[in-house]
Amino acid sequence: MRIGRLVTVIVVVWLIIGAVAVWQRGYFQEANADCASAGTIAVTVIAGPLNYAGVNPKVNCEVPQPSQ
């Protein structure tokens, strides 16, 4: 039981640190409604403390447009 709670606390703290990194980089203010912005925000949050170790994840993606 204690190990499960410890793992949960570590994961939550990890994600909070990642969210702080997203906020510090200004991704929430500049967020466009596109795949690349959403992906970059997501991988930055998942990277957590690694953001402060020099990791700067970016996602480049394009959603296919419907044919005309």
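Q: Is A42 buried, partly exposed or exposed in this predicted model?
A: Let's start in helix α2, where A42 is found; helices here are DSSP runs of H or I with at least four residues, numbered from the N terminus. Buried means under 20% relative accessible area, exposed means over 50%, and partly exposed lies in between, with a 1.4 Å probe and protein chains only. Because its relative accessible area is 36%, A42 is partly exposed.

Q: What is the C-alpha distance between A42 and V22?
A: V22 is one of the buried residues of α1, while A42 belongs to α2. Along the chain the two are 20 residues apart, and in space their C-alpha atoms are separated by 9.0 Å.

Some notes on reading the model: residues are numbered from 1 along each chain as its sequence is written, and side-chain values use heavy atoms, leaving out hydrogens and water. As this is a predicted model, local features need pLDDT of at least 70 and side-chain atom pairs count only at pLDDT 80 or more, while totals for chains, interfaces and linings use all residues.

Q: Which residues of α2 are buried, and which helix is included in what covers them?
A: The buried set in α2 consists of A36, S37, G39, T40, I41, T44, V45 and A47. Their cover, counted by contacts (heavy atoms within 4.5 Å), includes α1.

Q: Which residues does T44 touch beyond its sequence neighbours?
A: T44 lies in helix α2, and it counts as buried because its relative accessibility is 0%. Setting aside neighbours within four places in sequence, its contacts are G18, A21, V22, R25, Y27, N51 and P57.

Q: Which residues of α1 are buried, and what do they pack against?
A: In α1 the buried residues are G18, A21 and V22. The buried residues of α1 pack against α2.

Q: How far apart are the end C-alpha atoms of α2?
A: The 13 residues of α2 should span 18 Å at 1.5 Å a residue. The model agrees, with the end C-alpha atoms separated by 18 Å.

Q: Which residues with a positive phi follow α1 and α2?
A: After α1 comes a residue with a positive phi near 80°, G26. Just after α2, a positive phi of about 55° is taken by G48.

Q: Which residues does R25 contact away from its sequence neighbours?
A: R25 lies in helix α1 and counts as partly exposed because its relative accessibility is 26%. Not counting residues up to four places away in sequence, R25 touches T44, N51, V55, N56 and P57.

Q: Which cysteines form the disulfide, and what is its handedness?
A: A disulfide is a pair of cysteine sulfur atoms within 2.5 Å, and the structure holds one. The bond joins C35 to C61, with an S to S distance of 1.9 Å. It links distant parts of the chain, 26 residues apart: C35 in helix α2 (residues 35–47) and C61 in the segment after α2. With -125° about the S-S bond, the link is left-handed.

Q: Are C35 and C61 buried, partly exposed or exposed?
A: The relative accessible area of C35 is 34%, so C35 is partly exposed. At 30%, C61 is also partly exposed.

Q: How far is E62 from D34, C-alpha to C-alpha?
A: E62 lies in the segment after α2 and counts as exposed because its relative accessibility is 77%. Although E62 and D34 are 28 residues apart along the chain, their C-alpha atoms are separated by 8.4 Å.

Q: What separation do the C-alpha atoms of Q68 and L50 have?
A: Q68 also lies in the segment after α2, and its relative accessible area of 100% is why it is exposed. Q68 and L50 are 18 residues apart along the chain, and their C-alpha atoms are separated by 43 Å.

Notes: Helices (H or I, at least four residues) and strands (E, at least two) are DSSP runs, numbered from the N terminus. The expected span of a helix is 1.5 Å times one less than its number of residues.
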